[in-house]
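Hello,

Here is the structure I said I would pass on.

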Amino acid sequence: MKNILLWLILLSTNTIHSQDFYDSLIFLSKTTIYFESDSFNISPSQQKELKDLLVDIEDKDYKYSVRAHTDDLGTNEYNDRLSEKRAKQVKTFLIKNGVTPEDITSKYHGEVEPLASNNTVIGRAKNRRATVRKYTTKKLQWLTGVVIDTNTNEPIQAHIRLHGKSFEYTSQTDDNGTFRVLSPIEGIIGMDIKSKGYLLESKIIRLKSFNTIDPIPIKLEPISIGKSMYLNRVYFKGNMDLILAKSFPILKELEWFMKENPLVCIEIGGHINAPNNPPIARDSRSYYLSIARARAIYAFLDHWGINSDRMVAKGYGNWEMLYPKATLESQMAQNRRVEITILNCEKALTMHNDSLPKGIKFSKHSQLNLDFELIKKLDKVYTEQELIDLTNFKIKRDMRSKKSTDEEIALVSEILDTRGWIGPEILGTKGSQTIFHVIYNADLKTQEKYLPMLKTAVTNEQAGGDQLAMMIDRCNISKRKKQVYGSQIGKDSISGHYYILPIKNPSRVDELRAKVGLNPIQEYVRRWNIRWNIPKHIIKSRSLNYN
């Protein structure tokens with residue numbers, strides 16, 4: 001059994017078994033409604049907001065939480081009672097619209113959690129609110145393990161980070177080195193382990209729900225001169241030194257490693273994949289690429305405050321491939337890597353960074369291309385983090401349909417007003433999408449303010465033509481004008497069926513969509529079970545009175 005467990009840990013795609021399962025709530029979306037002063041009645045417009053949250057209630061099993069608040073006018077006792085009435089009123093509304101009472105939790109907070117300053121009329125209006133969050137259930141299991149020193153087999157206190165496409169969980173071991181962490185019951189996940197005085201460790205784990213096993217042993221290597229660790233989740237744009245935004249988590253782990261171990265010096269080695277070939281020449285572009293990528297990691301650490309005297313950037317071309325005769329993509333990926341080697345600090349002071357010849361560039365940006373501080377701010381907009389049932393999952397929001405909050409609009413507006421519409425080379429794909437979706441889901445005034453900037457961004461290849469098309473359509477529909485590209489969808493309040501909102505020139509819509517990179521309209525509307533029919537669309541449009 002012990003040998004099997006070690007095999008599970010050491011292989012890159014491990015299979016882990018567990019026996020206990022738990023239902024956990026996963027955050028999906030939320031809406032906030034507002035009340036008149038000294039009132040707990042829900043206005044018709046705010047009732048519509050709540051109904052939009054309940055749009056697919058008959059299709060799935062959802063849970064809801066209600067949190068009610070007041071401004072600071074009145075005594076604490078009075079505001080507690082008023083927020084309690086608001087919470088009850090919202091809960092009653094949800095029940096009348098099909099939610100079972102057992103699926104609702106509600107709390108009231110009086111005036112103690114203001115969203116804005118109570119010194120202004122606008123601020124007090126924002127504080128008179130109730131927020132309703134929508135969740136779905138997800139089965140989870142406990143993973144247990146022990147972290148030990150690879151040399152002594154003694155337990156280690158360590159930080160554990162479990163992550164996947166739709167979640168992230170962090171935990172710590174106890175004094176005995178053991179940990180217990182909730183995870184999905186199936187699928188492939190990543191596990192990062194770190195401890196002061198040890199090399200970073202990462203695992204890729206394949207989860208399956210079988211019976212039971214002993215705790216998972218994880219061995220960490222103590223820091224010592226000459227030891228190496230691979231940054232196996234650092235990604236670059238093809239044939240460039242541009243660090244992709246999805247590299248941010250592992251780079252932040254490396255920053256943590258350097259700050260927690262201030263006497264450690266490192267060599268950052270860049271390696272490329274060129275199997276079944278002789279060693280590349282020192283004057284080749286491929287060799288220079290390995291240098292440029294090492295220098296990009298060096299620049300990242302320097303940007304985050306790591307003393308440059310502790311680091312050396314070197315390029316190794318294809319000279320030290322892990323798989324010189326690689327045929328599998330997994331082998332090639334491991335050849336194409338950044339390797340961190342522990343150096344004697346006195347030796348590091350005598351070493352020099354490999355440099356690029358004058359005129360050799362692999363991107364428009366020098367060394368550090370991504371604005372990681374800004375990416376981090378935008379990531380908080382793109383994701384919602386909720387602590388529910390002993391687990392902490394980070395779930396991607398469906399940003400295509402959720403209204404932007406005042407805080408989100410304020411953040412993105414500040415970025416646009418000071419830096420213009422910046423694209424994925426600075427923000428990464430997710431960051432640039434966040435910029436677009438926050439404005440796309442904002443109020444009409446905000447959309448029209450930044451529409452000219454978006455047009456310029458498309459011309460400068462900082463945004464997509466499809467984004468511009470969708471923004472133009474949304475602005476037109478908001479002004480009761482016909483859309484151009486057919487991206488905006490309506491819903492019949494009686495039948496519940498979806499339909500395409502009026503299009504200015506239906507016979508040319510696919511031609512216009514193709515010019516901006518959108519797929520044919522029939523493919524686009526299939527997700528709403530709509531069949532594109534021009535004559536029927538024209539008849540429907542006449543009844544809607546759009547200009």
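Predicted model: local features only at pLDDT ≥ 70, side-chain atom pairs only at ≥ 80, totals over all residues.

The largest nonpolar core has 30 residues. Phe257, Ile266, Ile268 and Ile297 are the ones with the most contacts inside it. Two or more residues each come from strand E12 (228-231), helix H5 (248-260), strand E13 (265-270), helix H6 (285-303), strand E14 (311-315) and strand E15 (338-343). The most comes from H5, which gives 7 residues.

With its neighbours within four places in sequence left aside, Ile297 is in contact with Val234, Phe236, Ile243, Leu251, Leu254, Ile268 and Val338. There is also a second, separate core, of 26 residues, and Trp421, Ile426, Phe436 and Val438 are among them.

Now the helix pair. H12 covers residues 444-459 and H13 covers residues 465-478. Their axes lie 10 Å apart, and the two helices pack at an angle of about 155°. Angles over 145 degrees count as roughly antiparallel, so H12 is roughly antiparallel to H13. The crossing of H12 past H13 is left-handed.

Which residues in H12 and H13 meet? From H12 they are Leu444, Gln447, Glu448, Leu451, Leu454, Lys455 and Val458. On the H13 side they are Gly465, Gln467, Leu468, Met471, Ile472, Arg474, Cys475 and Ser478. By type, the residues of this contact divide into 8 nonpolar, 4 polar and 3 charged.

Regards

Key:
Residues numbered from 1 in each chain as written. Heavy atoms only, no water. Axes fitted to C-alpha atoms, helices over the stretch in contact; angles between N-to-C directions. Helix = DSSP H or I, 4+ residues; strand = E, 2+ residues; numbered from the N terminus. Parallel < 35°, antiparallel > 145°, perpendicular 65-115°, else oblique. Left-handed = near helix turned anticlockwise from the far one by under 90°. Contact = heavy atoms within 4.5 Å. Nonpolar A, V, L, I, M, F, W, Y, C, P; charged D, E, K, R; others polar. Core = buried A, V, L, I, M, F, W, Y, C linked by side-chain atoms within 4.5 Å. Buried < 20%, exposed > 50% of the residue type's maximum accessible area, 1.4 Å probe, protein only.
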